[in-house]
Amino acid sequence: MTGNSEGNSKSFDKNYFPQQTDVLNIVLDNITQGMVVVGPDYRTLAFNRHFEEIFQLPAGTVNVGVDFREILKIWAEVTGQDQQMLNRAIYNLDEPTTFEFEFIQLIKGELRWCRLTHNPLPQKGFVRTFTDITEHKQKEVSLREKERHLRSVISAISAIMWDLDASGTILLSEGAALAQLDLKAGELVGQSAFEVYKNDPEALAFLRRGLAGEEFSAEIRLKGIYWSNHFIPRFDEKGKVVGLIGVSMDISDQKDSEVRFRTVFENAIDGIMIADPAQKKNIEANKAISDMLGYSRDELLKLRVEDMHPREDLSRILDLFERQVRGEISLAPDIPMLKKDGSVIYCDVNSTSAVLGGKQCLVGIFREITDRKRAEETLRVSEEKFRYLFDNAEIAMFRSRLDGSETLDVNKKFLDLVGRTREETLGKPSVILWEDPKEREKMVCMLKENGSVSNFEFKMLNKQKGTRHCSTSLRICPQQIVIGSIADITERDQAEQALRQANEMFALFMHYSPIYVYIKEVTAIESRVIQASENFSQMIGLRGSQIAGKTMEELFPAEFAAKISADDWAVVSRGEMVELDEELNGKYYTTMKFPIVQGGRTLLAGYTIDITDRKRLEEQSLRAQKLESIGTLAGGIAHDFNNLLQGVFGYISLAKMTIGNKEKCTDSLEQAEKALHQTINLTNQLLTFSKGGKPFKKRIDLRTVIENSAKFMLSGSRTDFRPTIPEDLWQAEADAGQIGQVIQNIVLNADQAMPVGGTISITAANISEGNTSLPPGLQRGNYIAVSIQDTGIGIPEQYLTKIFDPYFTTKERGNGLGLATSYSIIKNHGGMIDVISKSGVGSTFMIYLPAIAGQPRKEVTETRPQLSQSRKSKVLVMDDEAAIRDMSSELLSMLGHDVEVARNGQEALEKYKHAIDMGTLFDIVILDLTIRGGMGGVETVQQLLKIDPQVKAIVSSGYTDDAALANYISQGFKACLNKPYDIDALKDVLNKILNS
């Protein structure tokens, strides 16, 4: 398009306009619309620059004298207009007309709107003016969008929005509440409000007041529903009322109405916020916007507009906000929003002004478009990332032509692989890289047939390293372009060869190994063999090929398999090596298991050694040692009992000889009684050493037991006692007497090991479950560790394994039962005792007792109750030994009690029932625990309790290891009387029962 820039073309025909040329130039150049004048023969007579600017046709298209129809054809071709539009522009030229059309501006490529005004000339030509109305059209679209959003907001509100003209005719009736009147949106448009409310004089009066220019609020009943109405007059520029705008809300049930409104508002899919335009502060927000931004509603209502957007975008956003407030725009696209956690999302924001509660507000509807924005950004980043990954990939990558004529693109790894520079590679044929072109021909055939090739191996030429063994994967892209990757597998082949050799060596080892070797895959559910040595398979009775893949349950008995699986899982889950002793089918094995990591998973490897022969030798050795210990024990028992019985027989003989001398006879009997008490102590020690001596457990404070026992044994000694026991030492559930006996035995040995004096240090500490300082063999749990250390002569190394054997002693005095008894006591408490000693340095005994974790130490003081002299009572004694029945009867009679005896439980029950029938109840029943061939004490007391729940029964037995004695109260007894007993013990237990 040339216009009149150079004078080669002209803007009007001087022959047609011979006069007033300058005036015509001024007029044409200053008309704001585009103008063209066309003669009767369609010849262009004149045009102005605005015409050229609007249409921007190719240079030389518009000139004076050019056929206007040719101009239209060129314009139609370059802008894509259809023939119908072209015909409209050429025909029907005799009448003035105006119409609008849209077109694509040629140079800028923008969609424009134009209004054409056609006026015929008297000489059969015409004048046309063209007005660019694009901005006007854009505003119309914006207004329609605004109206659509406004209507969508109004339709969602549980109310009716009204717009009336000055006569009361309804111009607008919108809102969800119309449904309550069985009406649809817009159904009342065109009707008179006076007709709608014709049966309500009060409503008519309000309408008249509103149309008279008065704002009003009123409650009006319509179709049985009460409505709250608020109407505001609309005025023109001269202040004349031109209509009413109002809202009606159902207030029949105000609370339900509020709930419905809140439900609609809160359940809207899009986020909604209402802001005060003056303060730029939020005054309401729904759940969707709260979830979108991560704020609570209360938090949102404390924020201003500028608090919700990135600082760098505030200027633009505040400008858009103001334009929305003024109604210039409704949609603000791509608005960045700050979430509570500081992250940014993007929203399209449609806003409209509204009066809520008599206050001008801006209602914004927020639709998140973050995913769309991210998708666009992801695409851009993906392209950059692809380029980066391509250039920096750890595998060689390339693009080339299928025929091999040109290499189009390569990355750095590719250049390293071929040993060439980028200049030596790009644009050059790719065929030169193949050692054998026939291999490439084979690959190309496969590629053409399948469209892709995977892991095709070939030999490539490297400029520096020579031939390399490679693997390539490729696919065909459009235009016969091939993209692919190449991996140098030369080292892999070498490693595979080395691995094959190693596997062969391993297979030989597994085949000829003298020990059983295996590898397993272990989970919490099962343990499965992956590989095993030949002899391991033979041990189970299967061939090597049969054992692979089998679980422990398929190979071993159920109980043994469960134990193996549990041990295997413990090794793998904890990552620790363990050593185990196992027994299967009468044979003994030692097994070592440890975890190995392979390919990102943890396997279990292990080997097992058959130690059956060694175990049998150890058992024979142990059997010999036990026989030796039993011989020592038997000799010691015989020696001690003979000595004690010698005293008993001797003093009884003296008593017989001096029976006439009461004083001497009594003295001899007392000495015999003392000797018998010593036999009782010896018997108790023997029972405690064996499986007997069940502890009477209760919660005790070990600090008191340790200190009192040690001080008692060191009374009068030259040994220095140094206790270190913390205040927060846990409690133990134990037999205080037996634990005291252990402390006394060890302290006595330590004192005797320091004849010229020394130091005994006793320390105690809490050891929590899982503590690695616990010795092996103890069950998992919480313990109290007690250490007793002396500075004595120590224990020779050859004696350390025998010090806990019965009757083993290196002392001139002593029976060798002290440490053996201590060992049994600690074992019966579920604990462990051990010793560390060195000749000339001293010894340290370590005692581990189960603890009650978290229980604070309590001072326990036991006071013997002050018992009064027992009253006369009726006693039933049950025992299968006639001598004991007679002795007990005599003792009880001497104490002033009435006594009856029974041989077994059945006889005792009969006598007890008879006494009840006669009204002469037994006050106390003494029951022997074990009756040969009859019902014993436990069964008898259970039957007695059924007859008389208040029965007072005492259990008596010579078996101190029986559980009934340790827990006699739970069995139904009131007290316990251990055999043998004397008259003082009998009197004490009777007093305790009778005075309780």
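# Patches, pairs and loops

Me: Which residues form a negative surface patch in this predicted model?
Reply: A patch is made of residues with over 30% relative accessible area and no salt bridge, like charges being joined within 9 Å and nonpolar side chains (Val, Leu, Ile, Met, Phe, Trp, Tyr) within 5 Å. Asp and Glu count as negative, Lys and Arg as positive, with His and the chain ends not counted; a charge is placed at NZ of Lys, CZ of Arg, CG of Asp or CD of Glu. The residues that form the negative patch are Glu663, Asp667, Glu670, Glu673 and Asp984.

Me: What kind of model is this?
Reply: Residues are numbered from 1 along each chain as its sequence is written, and side-chain values use heavy atoms, with hydrogens and water left out. Local features need pLDDT of at least 70 and side-chain atom pairs pLDDT 80 or more, while totals for chains, interfaces and linings use all residues, since this is a predicted model.

Me: Which helix gives the most to the negative patch?
Reply: Helices (H or I, at least four residues) and strands (E, at least two) are DSSP runs numbered from the N terminus. Glu670 is one of the patch residues, and its place is in helix α22. With four residues, the element spanning 662–689 gives the most to the patch: helix α22.

Me: Is Glu670 buried or exposed, or does it lie in between?
Reply: Buried means under 20% relative accessible area and exposed over 50%, with partly exposed in between (1.4 Å probe, protein chains only). The relative accessible area of Glu670 is 43%, so Glu670 is partly exposed.

Me: Which residues does Ser485 touch?
Reply: Ser485 lies in strand β20 (residues 481–488). Ser485 is buried, with a relative accessible area of 19%. Contact means heavy atoms within 4.5 Å. Not counting residues up to four places away in sequence, Ser485 touches Ile395, Ala396, Met397, Phe398, Ser471, Thr472 and Ser473.

Me: What distance separates the C-alpha atoms of Leu580 and Asp567?
Reply: Leu580 is in strand β23 (residues 578–584). Beyond its neighbours within four places in sequence, Leu580 is in contact with Asp567, Tyr589, Thr590, Thr591 and Lys593. Leu580 and Asp567 are 13 residues apart along the chain, and their C-alpha atoms are separated by 9.0 Å.

Me: Which residue forms a salt bridge with Lys593?
Reply: A salt bridge is a side-chain nitrogen of Lys or Arg within 4 Å of a carboxyl oxygen of Asp or Glu. The N to O distance in this bridge is 2.6 Å, and Lys593 meets Asp568. Lys593 lies in strand β24 (residues 587–598) and its partner in helix α20 (residues 558–574), so the pair ties together parts 25 residues apart in sequence. Lys593 is buried at 1% relative accessible area, and at 0% so is Asp568.

Me: How far apart are the closest N and O atoms of Lys874 and Glu900?
Reply: Lys874 is buried, with a relative accessible area of 16%, whereas Glu900 is partly exposed at 29%. The closest N and O atoms in their salt bridge are 3.9 Å apart.

Me: How many salt bridges does a search of the whole structure find?
Reply: Side chains of opposite charge can pair when their charged atoms come close. For the whole structure the number found is 36.

Me: What is the phi of Tyr42?
Reply: Most residues other than glycine have a negative phi. Tyr42 is found in the loop between β1 (34–38) and β2 (44–47) and is buried, with a relative accessible area of 18%. Tyr42 is not a glycine, yet its phi is positive, at about 70 degrees.

Terms used:
Accessible areas come from the Shrake-Rupley method with a 1.4 Å probe; for residues, only the protein chains shown count as cover.
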